[in-house]
Structure formats: structure tokens, C-alpha cells
Amino acid sequence: MESANVYKVPDITVEKNQGLQHADDFTMAQPFERYTAEDHAIWHQLYLRQSALLPGRACEEFLQGMQQLDVAPDRVPDFDHLNRKLAQATGWRVVAVHGLIPDHVFFDHLANRRFPVTWWLRDAARLDYLQEPDVFHDLFGHVPLLINPVFADYLQAYGQGGLKAASLGALPMLARLYWYTVEFGLIQTTSGLRIYGAGILSSKSESIYCLDSASPNRVKFDLARIMHTRYRIDTFQKTYFVIDSFQQLFDATAPDFTELYHSLQGSPILGAGELASDDVVLNRGTGEGWSDTADA
Ligand SMILES: [Fe+2]
């Protein structure tokens, strides 16, 4: 689930949700009867493809989470089944939603350890890329890490920070942090670089590109730096930020951001592929194949 800076319901979300209602907090019962045999077959195909690819690429915490959650390989998982496992592990649960939801609602769910998951699945024509989050991205990509206690705390703290950032006019800065960590983060391990971001974990091509390609920059995590860096929504990232541990992520983001927001207000925003003079650069990207369309 991404937080939408501007809440606009995409056409595909409208189409998939025809005749379905949601509660005031945008949640709904998972409409299991709406999944077709084709949906389950697509889930199976995506699941098999990513589970074959990710060992040695995804971080161990994610792979363990997959195992522990007992995510169904051959059909769209039953959220209630996952919730029993999640509740035992970290007290999180997933809630079904139509699709993207307003920022303040999204943050409130995270702050209360509820992870909004789009219930519907992409169709066969859009197997490899879909701009909107669907159940494969939201569930396969995001939910396994909720089993990890430190990451689980980080995401809750992010939700609490979001509610505050909204009142301080700082949402774009916080959205960049989410993007470069929860969605597209890499982590350094003793075995090498690994993926923990859900936007990568749910994408075959970016799971390969982010680790193997010489094109992108790979830079050590720096909170303030990330908060004033643009990102890509329609192509692979030009820069990936690398954490040393989930504890580092949690510790860096635990303090109150009010001062940081003030100090960053008005400072120039870096382009998605730009390097800053004080970056700790692990790999300077060649820039090959980068799109010259505008960064988000
Ligand atoms: Fe997401």
C-alpha cells in the first residue's frame, strides 16, 4: 500500500470495486467470492516466480516471514488466516481496502498496527507492471516483514509520524522516506546486499535490476538526504538507499521530526539520480537507460 499524496481513485480500482461498499475507515470484508479461477491462477504464477527468484536476493527476515505466515502459494490468501499468525507474532493485522486510501486514513491504520491491503489482483495482461498497488504487491510484498518485531515497530512509528507530518505540512518529506525504505529499500548483510522494499519484492524485473545492474546509484541510508530526494514512480529507481539493519532504520526515525522538517523547508530537492557531496556512495550508477522524464 502506498500513501497517496493526492487522493485520486484510479479507473481500475473503480472497475474492480463496482457494487462494493467500504466502512468509514475505508476497510471492508475481503470479498472472497469475487476471486475468479483466473485470479487464483495469476496469484500462483506470480507467487512461484517471485519465490524462485528471491532466495539470495530478499533479506532473511522477509523469507522467514513468508514461511512463518504460511502464505498460500496457489490461491489468493485468506486475510483471516494471515491475521491469526500476525496477531501471535507482532500484533499486526491486515485489513482489506478498495485500493489507495487518503493519507490520514492510511497513517491512522498504521499507527494502530493495521496494514491496508488492496483485495483485488492484476489481470494477466498486466502481470509484470501495474502502477496501482494490488493484493500481490500489498500482501506478498509488504506483509511478510510485519512478522519482524523491529520492522513492525518502524511501520507503526511511521504511521504515528504521518499523522503529525500532515499537521506540519511535511507530508512530501515523509512520503519520500516511505518510498526509499518501505517500498524500495535495500539492506546490507554479511552475505551482501539484500532487498527489503515491497515495491521491489513484488516485481520480478526490479528484483534483478536493483542488485545486478550497474545503472543505479546505491547510497548509504541518510534520513535528511532521503527526505529531500525525488523518486521514480514509472521506471526503476535511479538511486537505492541501503540500511545496515532494521534497528538503524527504527533508531533514525524514532526522534521527533519537527526540527528536521523546519531545517529542510526551502532547501533544494535533489533529483532521483543526483548524488550529494556528502553521500556515502556504495556504487555510483552509470545512468545507462535512465528515463529523462520528470521525477516525482
Ligand atoms: Fe506498497
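**Close-up views of a predicted model**

**View 1. The start and end of helix H4.** At the start of H4, the backbone nitrogen of Asp80 has a side-chain oxygen of Asp78 within 2.9 Å. The coordinates shown here and in the other views belong to a predicted model. H4 is followed by Gly91, which has a positive phi, near 80 degrees.

View 2. An α-helix has 3.6 residues a turn, so residues three or four places apart point the same way.

**View 3. Helix H5 and its surroundings.** Helix H5 (residues 103–111) is mostly covered, with seven of its nine residues buried. These are Asp103, Val105, Phe106, Phe107, His109, Leu110 and Ala111. The buried residues of H5 pack against strands S1 (27–28), S2 and S3 and against helices H7 (149–168) and H8. Arg113 follows H5 and has a positive phi, near 60 degrees.

**View 4. The largest nonpolar core.** This core has 85 residues, and Trp43 and Phe115 are those with the most contacts inside it. Helix H8 (residues 171–183) gives the most to the core, with eight residues. Leaving out residues up to four places away in sequence, Trp43 touches Val71, Ala72, Pro73, Asp74, Arg75, Val76 and Pro77, among others. Further contacts of Trp43 include Leu121, Val135, Phe136, Leu139 and Phe140.

**View 5. The five-stranded open sheet.** The strands are ordered S5-S4-S7-S6-S8, with mixed pairing. Strand S5 (192–195) and strand S8 (281–283) stand at the edges, each with a single partner strand, so one side of each is left without a neighbour in the sheet. On average, neighbouring strands of this sheet are turned by 35 degrees against each other, direction ignored.

**View 6. Strands S4 and S7, with helix H10.** Strand S4 (residues 186–189) pairs with strand S7 (residues 239–243) in the parallel sense, over two bridges. Val242 in S7 is the bridge partner of Leu186. Helix H10 (residues 204–212) packs on the sheet and touches S4, S5, strand S6 (217–220) and S7. The direction of H10 makes about 155 degrees with that of S5.

Methods. Residues numbered from 1 in each chain as written. Predicted model: local features only at pLDDT ≥ 70, side-chain atom pairs only at ≥ 80, totals over all residues. Heavy atoms only, no water. Core = buried A, V, L, I, M, F, W, Y, C linked by side-chain atoms within 4.5 Å. Buried < 20%, exposed > 50% of the residue type's maximum accessible area, 1.4 Å probe, protein only. Helix = DSSP H or I, 4+ residues; strand = E, 2+ residues; numbered from the N terminus. Contact = heavy atoms within 4.5 Å. Polar contact = N/O pair within 3.5 Å; in protein donor to acceptor, adjacent residues only side chain to side chain. Pairing = 2+ DSSP bridges. Axes fitted to C-alpha atoms, helices over the stretch in contact; angles between N-to-C directions.
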